[in-house]
Amino acid sequence: MRVVNRDVREAEEGAFAAFVTARGSALLRFARALTSHAQDAEDVVQTALVRLAQRFATVDNPEAYVRRTIVTLTIDRARRSARRPERMGLERSDENVATPDSSEAAAWADVVGRALDALPPRQRQTLVLRFFEDLSEAETATLLKCSVGSVKSQTSRGLARLRELLADETPATRSSR
(Lines give C-alpha, C1' and ligand atoms only; values in the text may rest on other atoms or scores of the structure.)
Protein backbone atom coordinates (compact mmCIF):
# COMPACT_ATOMS: atom_id res chain seq x y z
CA MET A 1 0.00 0.00 0.00
CA ARG A 2 2.87 2.41 0.72
CA VAL A 3 4.28 1.91 -2.79
CA VAL A 4 0.91 2.82 -4.33
CA ASN A 5 0.61 5.94 -2.14
CA ARG A 6 4.15 6.99 -3.05
CA ASP A 7 3.45 6.48 -6.76
CA VAL A 8 0.25 8.52 -6.53
CA ARG A 9 2.06 11.30 -4.63
CA GLU A 10 4.86 11.37 -7.21
CA ALA A 11 2.34 11.51 -10.05
CA GLU A 12 0.53 14.43 -8.33
CA GLU A 13 3.83 16.26 -7.80
CA GLY A 14 4.69 15.76 -11.46
CA ALA A 15 1.29 17.04 -12.57
CA PHE A 16 1.63 20.06 -10.27
CA ALA A 17 5.13 20.81 -11.59
CA ALA A 18 3.83 20.55 -15.16
CA PHE A 19 0.99 22.95 -14.33
CA VAL A 20 3.36 25.49 -12.80
CA THR A 21 5.72 25.24 -15.77
CA ALA A 22 2.91 25.65 -18.29
CA ARG A 23 0.90 28.38 -16.56
CA GLY A 24 3.34 30.12 -14.22
CA SER A 25 4.23 33.08 -16.44
CA ALA A 26 0.59 33.71 -17.39
CA LEU A 27 -0.39 33.65 -13.72
CA LEU A 28 2.40 36.10 -12.92
CA ARG A 29 1.22 38.47 -15.66
CA PHE A 30 -2.31 38.20 -14.29
CA ALA A 31 -1.16 38.99 -10.76
CA ARG A 32 1.03 41.86 -11.98
CA ALA A 33 -1.97 43.45 -13.63
CA LEU A 34 -3.91 43.23 -10.36
CA THR A 35 -1.16 44.58 -8.09
CA SER A 36 0.88 47.77 -8.06
CA HIS A 37 4.30 46.15 -7.79
CA ALA A 38 6.08 43.24 -9.43
CA GLN A 39 7.28 41.96 -6.05
CA ASP A 40 3.73 41.88 -4.72
CA ALA A 41 2.65 39.92 -7.79
CA GLU A 42 5.41 37.37 -7.24
CA ASP A 43 4.44 36.99 -3.58
CA VAL A 44 0.77 36.55 -4.42
CA VAL A 45 1.47 33.92 -7.10
CA GLN A 46 3.85 32.06 -4.79
CA THR A 47 1.26 31.97 -2.01
CA ALA A 48 -1.50 30.89 -4.40
CA LEU A 49 0.65 28.07 -5.79
CA VAL A 50 1.53 26.88 -2.28
CA ARG A 51 -2.18 26.73 -1.47
CA LEU A 52 -2.85 24.84 -4.70
CA ALA A 53 -0.03 22.36 -3.99
CA GLN A 54 -1.67 21.47 -0.69
CA ARG A 55 -4.95 20.63 -2.45
CA PHE A 56 -3.84 19.73 -5.97
CA ALA A 57 -5.29 16.21 -5.93
CA THR A 58 -8.75 17.45 -4.96
CA VAL A 59 -9.00 20.55 -7.18
CA ASP A 60 -10.97 20.01 -10.39
CA ASN A 61 -9.78 23.16 -12.19
CA PRO A 62 -6.33 24.27 -10.94
CA GLU A 63 -6.25 27.35 -13.19
CA ALA A 64 -9.54 28.70 -11.82
CA TYR A 65 -8.51 27.85 -8.26
CA VAL A 66 -5.21 29.73 -8.54
CA ARG A 67 -6.76 32.74 -10.28
CA ARG A 68 -9.46 33.00 -7.61
CA THR A 69 -6.79 32.71 -4.91
CA ILE A 70 -4.72 35.44 -6.60
CA VAL A 71 -7.74 37.76 -6.69
CA THR A 72 -8.52 37.06 -3.03
CA LEU A 73 -4.92 37.65 -1.98
CA THR A 74 -4.70 40.94 -3.88
CA ILE A 75 -7.94 42.10 -2.24
CA ASP A 76 -6.51 41.19 1.18
CA ARG A 77 -3.27 43.04 0.42
CA ALA A 78 -5.21 46.10 -0.74
CA ARG A 79 -7.20 46.15 2.48
CA ARG A 80 -4.05 45.91 4.56
CA SER A 81 -2.26 48.59 2.57
CA ALA A 82 -5.27 50.90 2.77
CA ARG A 83 -4.25 51.51 6.35
CA ARG A 84 -0.90 52.86 5.14
CA PRO A 85 -0.62 56.13 3.22
CA GLU A 86 0.50 55.58 -0.36
CA ARG A 87 1.51 57.83 -3.21
CA MET A 88 -1.01 57.84 -6.02
CA GLY A 89 1.27 59.34 -8.69
CA LEU A 90 2.25 57.78 -11.96
CA GLU A 91 5.67 56.70 -10.75
CA ARG A 92 6.49 53.06 -11.36
CA SER A 93 9.03 51.30 -9.22
CA ASP A 94 9.79 48.10 -11.08
CA GLU A 95 12.47 47.22 -13.57
CA ASN A 96 10.10 46.79 -16.54
CA VAL A 97 9.81 50.48 -17.37
CA ALA A 98 10.10 51.10 -21.10
CA THR A 99 13.23 52.90 -22.29
CA PRO A 100 13.09 55.92 -24.63
CA ASP A 101 14.29 53.80 -27.58
CA SER A 102 11.41 51.30 -27.17
CA SER A 103 8.72 50.95 -29.76
CA GLU A 104 5.64 53.12 -29.47
CA ALA A 105 3.52 50.13 -28.45
CA ALA A 106 5.85 49.30 -25.55
CA ALA A 107 5.90 52.95 -24.47
CA TRP A 108 2.11 53.10 -24.54
CA ALA A 109 1.85 49.84 -22.58
CA ASP A 110 4.12 51.40 -19.95
CA VAL A 111 1.97 54.54 -19.75
CA VAL A 112 -1.22 52.48 -19.37
CA GLY A 113 0.48 50.22 -16.81
CA ARG A 114 1.52 53.22 -14.71
CA ALA A 115 -1.98 54.65 -14.93
CA LEU A 116 -3.46 51.31 -13.80
CA ASP A 117 -1.01 51.30 -10.88
CA ALA A 118 -2.36 54.70 -9.82
CA LEU A 119 -5.95 53.43 -9.56
CA PRO A 120 -7.42 52.30 -6.26
CA PRO A 121 -7.06 48.50 -5.91
CA ARG A 122 -10.74 47.63 -6.45
CA GLN A 123 -10.98 49.72 -9.62
CA ARG A 124 -7.75 48.21 -10.94
CA GLN A 125 -8.95 44.67 -10.17
CA THR A 126 -12.30 45.29 -11.84
CA LEU A 127 -10.75 46.76 -15.00
CA VAL A 128 -8.17 43.99 -15.26
CA LEU A 129 -10.78 41.26 -14.88
CA ARG A 130 -13.24 42.92 -17.26
CA PHE A 131 -10.90 44.04 -20.02
CA PHE A 132 -7.59 42.18 -19.74
CA GLU A 133 -9.14 38.85 -18.75
CA ASP A 134 -12.29 39.53 -20.81
CA LEU A 135 -14.69 38.39 -18.08
CA SER A 136 -18.34 39.35 -18.03
CA GLU A 137 -19.76 41.59 -15.34
CA ALA A 138 -21.30 38.55 -13.63
CA GLU A 139 -18.05 36.56 -13.73
CA THR A 140 -16.13 39.56 -12.37
CA ALA A 141 -18.69 40.01 -9.60
CA THR A 142 -18.37 36.34 -8.66
CA LEU A 143 -14.57 36.52 -8.50
CA LEU A 144 -14.58 39.74 -6.48
CA LYS A 145 -17.47 38.55 -4.30
CA CYS A 146 -19.56 41.64 -4.92
CA SER A 147 -22.70 42.58 -6.84
CA VAL A 148 -22.90 43.18 -10.57
CA GLY A 149 -23.86 46.77 -9.74
CA SER A 150 -20.60 47.20 -7.85
CA VAL A 151 -18.69 45.89 -10.85
CA LYS A 152 -20.49 48.37 -13.10
CA SER A 153 -19.81 51.33 -10.82
CA GLN A 154 -16.16 50.37 -10.23
CA THR A 155 -15.69 49.92 -13.98
CA SER A 156 -17.24 53.30 -14.69
CA ARG A 157 -15.18 55.07 -12.03
CA GLY A 158 -12.00 53.26 -13.05
CA LEU A 159 -12.40 54.15 -16.73
CA ALA A 160 -13.14 57.78 -15.84
CA ARG A 161 -10.02 57.95 -13.66
CA LEU A 162 -7.93 56.28 -16.40
CA ARG A 163 -9.16 58.90 -18.88
CA GLU A 164 -8.04 61.64 -16.47
CA LEU A 165 -4.64 60.05 -15.94
CA LEU A 166 -4.10 59.41 -19.63
CA ALA A 167 -5.43 62.76 -20.89
CA ASP A 168 -1.98 64.33 -21.10
CA GLU A 169 -0.04 61.07 -21.38
CA THR A 170 0.91 59.75 -24.75
CA PRO A 171 4.08 57.86 -25.60
CA ALA A 172 5.29 60.87 -27.61
CA THR A 173 4.76 63.38 -24.77
CA ARG A 174 6.21 60.98 -22.24
CA SER A 175 9.45 60.37 -24.15
CA SER A 176 9.95 64.11 -24.80
CA ARG A 177 10.05 64.89 -21.07
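Okay, ground rules. The model is predicted, so local features need pLDDT of at least 70 and side-chain atom pairs count only at pLDDT 80 or more, while totals for chains, interfaces and linings use all residues. Residues are numbered from 1 along each chain as its sequence is written, and side-chain values use heavy atoms, with hydrogens and water left out.

Let's start with the overall fold. The protein chain has eight helices and zero strands; here helices (H or I, at least four residues) and strands (E, at least two) are DSSP runs, numbered from the N terminus. Of its 177 residues, 38% count as buried, where buried means under 20% relative accessible area, exposed over 50%, and partly exposed in between, with a 1.4 Å probe and protein chains only.

Now, the inside. Which residues have the most contacts inside the largest nonpolar core? They are Phe19, Leu49, Leu52, Val66, Ile70, Val71 and Leu129, in a core of 24 residues. A nonpolar core is a set of buried Ala, Val, Leu, Ile, Met, Phe, Trp, Tyr and Cys residues joined through side-chain atoms within 4.5 Å. Helices α1 (2-34), α2 (38-55), α3 (62-81), α5 (121-132) and α6 (137-144) each supply at least two residues of this core. There's also a second, separate core of nine residues, including Val111 and Leu165.

Take Val71: not counting residues up to four places away in sequence, Val71 touches Phe30, Leu34, Leu129, Leu143 and Leu144. Contact means heavy atoms within 4.5 Å.

Thr69 lies in helix α3. Is Thr69 buried or exposed? Thr69 is buried, with a relative accessible area of 9%. Leaving aside neighbours within four places in sequence, Thr69 is in contact with Ala48 and Arg51.

On to α5. Its buried residues include Gln123, Arg124, Leu127 and Leu129.

Last stop: α5 against α7. The axes of α5 and helix α7 (residues 148-166) come within 8 Å and cross at roughly 100°. Axes are lines fitted to C-alpha atoms, for helices over the stretch in contact, and angles run from 0 to 180 degrees between N-to-C directions. The two helices are therefore roughly perpendicular to each other; angles under 35 degrees count as roughly parallel, over 145 as roughly antiparallel, 65 to 115 as roughly perpendicular and the rest as oblique. Among the residues making that contact are Arg122 and Phe131 of α5, and Val151 and Gly158 of α7.
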